[in-house]
There are 2 protein chains.
Amino acid sequence: MLSEFDLITEYFDRPRPTRAVLGIGDDCALLAPTPGAQTAISSDMLVEGRHFFAGEDAARLGHKSLAVNLSDLAAMGARPVGFTLALALPSSDRDWLAGFARGLFALADAHGCELIGGDTTRGPLNICVTIFGEVAPGHALRRDAALAGDDVWVSGTLGDARLALAARLDQDTGPALTAAELAAAGARLYTPTPRVALGALLAGSRLARAAIDLSDGLVGDLGHILKRSGVGATLDVDALPAGPVLATRDIALRRRYTAAGGDDYELCFTAPVSAREAVLAAGARCGTPVTRVGRIEAEPGLRLADAVGAALDLQLRGFDHFS
Amino acid sequence: MLSEFDLITEYFDRPRPTRAVLGIGDDCALLAPTPGAQTAISSDMLVEGRHFFAGEDAARLGHKSLAVNLSDLAAMGARPVGFTLALALPSSDRDWLAGFARGLFALADAHGCELIGGDTTRGPLNICVTIFGEVAPGHALRRDAALAGDDVWVSGTLGDARLALAARLDQDTGPALTAAELAAAGARLYTPTPRVALGALLAGSRLARAAIDLSDGLVGDLGHILKRSGVGATLDVDALPAGPVLATRDIALRRRYTAAGGDDYELCFTAPVSAREAVLAAGARCGTPVTRVGRIEAEPGLRLADAVGAALDLQLRGFDHFS
């Protein structure tokens with residue numbers, strides 16, 4: 001039987017921290033902040049049966065646990081530094097731990113984001129990552145910074161994660177997904193790509209004003225920007241960039257899953273009209289396409305419109321864990 | 001029914017953050033580190049049925065969730081700055097939330113430690129606090145800094161928390177606890193006092209070398225210092241300061257519960273012999289008595305001795321969540 005301390009040593013305590021002054025194995029980790037930088041901090045808790053299915057592949061889960069937190073840093077425009085991992089496990093299963101660590105560290109290494117500490121305990125499977133990044137003072141992309149007249153942008157494509165979830169739950173997918181479609185859409189759901197480089201570039205170059213990452217669906221998440229900025233918006237629903245699988249489905253499904261799908265982990269941000277060319281160039285530079293999908297307005301509320309500007313009433317809303 | 005966002009607004013989003021540049025309600029919180037300071041970070045996950053009993057009083061749980069993390073900062077000698085709270089709840093019960101927030105914020109306010117962000121979700125009750133503090137470079141009390149010849153000290157008293165747990169579990173308490181004894185010992189188990197001021201003073205004045213907080217029992221926790229420092233120690237078991245309730249029990253129970261009780265949240269630290277008077281003065285200045293209980297030695301391993309220095313074989317060990 002693997003002890004708590006052997007478990008940490010064997011799977012999570014990697015040699016030679018580079019960013020941390022002191023890493024795993026003491027009462028606290030120690031970080032030396034870059035002089036002048038602000039520290040961005042986010043914490044997400046993933047619960048079995050709620051954020052992922054029981055029996056989910058451990059490597060995918062390791063990836064996703066960190067990805068959703070990296071996505072929060074991306075939405076602030078912060079550069080990743082390190083993270084803590086608190087893990088409740090029903091048992092210390094070596095295969096599971098090896099897989100989880102593999103998925104987690106592959107993504108961590110790709111972003112130079114170091115595991116600096118955490119906690120392990122026995123309990124119903126629960127994964128809590130707290131992540132730390134850095135951003136120059138005044139550069140962070142806040143939810144409260146949108147101005148009337150700004151364009152609304154989204155990165156990448158939307159809705160394929162929701163389509164994969166629908167397939168898993170026997171919900172509406174239009175025609176059943178083929179094996180290739182399942183693989184493509186499933187990759188968006190199970191191993192999302194946080195838009196870290198794009199967020200950092202938009203913040204560093206001060207191109208964007210407000211930003212949020214899309215975890216609960218665009219309509220709900222954009223709503224947070226609107227509420228905190230004291231503005232409204234009109235969203236051009238038919239301009240929303242559907243993922244390649246969803247793009248082959250009919251317009252009603254496309255509208256629903258792009259506008260309120262959830263689990264996209266793309267960025268939604270606002271930027272002045274004068275920045276249009278520069279925003280497109282920033283997307284190109286990061287290899288992450290960006291699409292203009294609406295306009296911030298002084299009038300409160302979120303209005304949905306179709307391609308010719310006619311109002312749509314789609315009865316969409318964001319995800320709420322307690323509703 | 002309380003929504004996820006109402007829940008945060010109503011119970012956790014307090015007005016006017018003072019330390020955070022940006023608090024609850026964005027993708028990340030933002031902290032502006034004190035120039036020159038290092039950031040100390042710790043994360044602890046508390047699971048129902050593992051770290052606390054099902055049906056535990058919510059206010060006590062709010063206190064303890066933060067106390068165990070403050071205790072980690074204390075053990076590094078770091079000053080508290082802020083914390084994130086990730087909370088999985090079976091339901092959004094208003095009474096529970098109000099009680100939990102009351103216990104949490106009472107302790108947070110006492111230490112000027114601000115809730116800056118977090119996550120709430122539905123799931124088996126699980127509380128994950130990640131805490132941030134600050135310490136001057138080179139001042140942190142690390143586990144790897146003990147030197148042969150150092151005295152071993154503990155703060156406060158030991159074992160009353162273990163005695164309260166024993167009463168709860170129908171384990172050995174000597175004579176059954178009276179109501180007054182249960183209240184006194186129970187306070188140590190359910191609402192521990194983190195030794196933040198003492199830790200900061202020992203670090204700031206560079207009196208102590210190595211330190212750890214006592215969560216899993218002195219024998220196991222001191223073992224971590226010995227292992228990481230590459231040294232050994234002899235512990236004078238009969239010098240261990242028993243809590244006032246345990247102090248009335250027989251010597252065998254006192255030895256077991258002081259040396260390996262767990263849940264004490266006192267500090268164990270090492271300091272050079274030349275610092276004895278200054279260490280006692282530091283304890284007095286913080287209102288936290290400190291007691292010299294052993295000596296660090298070059299020879300690896302932990303040796304237990306009685307009041308006249310004879311070897312004791314108590315078969316004690318630290319707590320392990322997976323053993």
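Predicted model: local features only at pLDDT ≥ 70, side-chain atom pairs only at ≥ 80, totals over all residues.
**Exercise 1. The two domains of chain A**

How many Å separate the centres of domain 1 of chain A and domain 2 of chain A, taken over C-alpha atoms? Describe also what lies at the boundary of these two domains.

Step 1. Begin with the bounds: chain A is divided into domain 1, residues 4–135, and domain 2, residues 143–309. Taken over C-alpha atoms, the centres of these two domains of chain A are 26 Å apart.

Step 2. Turn next to the contact between them, where 17 residues of domain 1 of chain A touch 19 residues of domain 2 of chain A. Together the two domains bury about 1,600 Å², and 66% of this area is on carbon and sulfur atoms.

Step 3. Four residue pairs are in polar contact across the interface of domain 1 and domain 2 of chain A, both residues of each pair being at pLDDT 80 or more.

Step 4. Ask finally which elements supply the side of domain 1 of chain A that touches domain 2: those giving two or more residues are α2 (58–76) and β4 (79–89) of chain A. The most comes from α2(A), with eleven residues. By residue class, this side of domain 1 divides into eight nonpolar, four polar and five charged residues.

**Exercise 2. Strand β9 of chain A and its partners**

Determine in which sense strand β9 of chain A pairs with β12(A) and with β11(A).

*Solution.* Step 1. Strand β9 (residues 232–236) and strand β12 (residues 301–305) of chain A pair in the parallel sense, with five bridges, and A:Leu235 stands opposite A:Leu304 of β12(A).

Step 1. With strand β11 (residues 290–297) of chain A, β9(A) runs antiparallel and is joined by four bridges; here A:Ala233 has A:Ile296 in β11(A) as its bridge partner.

**Exercise 3. The interface of chain A and chain B**

*Solution.* Step 1. In this interface, 69 residues of chain B are in contact with 69 residues of chain A. The area that the two chains bury between them is about 5,400 Å², with 58% of it on carbon and sulfur atoms.

Step 1. Four salt bridges are counted between chain B and chain A. Among them, A:Arg143 meets B:Asp26 through their side chains at 3.7 Å, N to O. Over all chains, the count of salt bridges comes to 34. The side chains of B:Arg143 and A:Asp27 also meet in a salt bridge, at 3.1 Å, N to O. This pair joins two chains because B:Arg143 lies in the loop between β6 (126–135) and β7 (151–155) of chain B, while A:Asp27 lies in the loop between β1 (20–22) and β2 of chain A.

Step 2. Across the interface of the two chains, 19 residue pairs are in polar contact, both residues being at pLDDT 80 or more. Strand β3 (residues 38–47) of chain B gives the largest share, nine residues, of the side of chain B that touches chain A. That side of chain B is made up of 36 nonpolar, 18 polar and 15 charged residues.

Step 3. Strand β2 (residues 29–31) of chain A is joined to β3(B) by three bridges, the two strands running antiparallel. In this pairing, B:Thr39 of β3(B) is the bridge partner of A:Leu31.

Conventions
Residues numbered from 1 in each chain as written. Chains lettered and ligands numbered in written order. Heavy atoms only, no water. Contact = heavy atoms within 4.5 Å. Buried area = accessible area lost by both parts, 1.4 Å probe. Polar contact = N/O pair within 3.5 Å; in protein donor to acceptor, adjacent residues only side chain to side chain. Nonpolar A, V, L, I, M, F, W, Y, C, P; charged D, E, K, R; others polar. Pairing = 2+ DSSP bridges. Domains from an automatic or database assignment.
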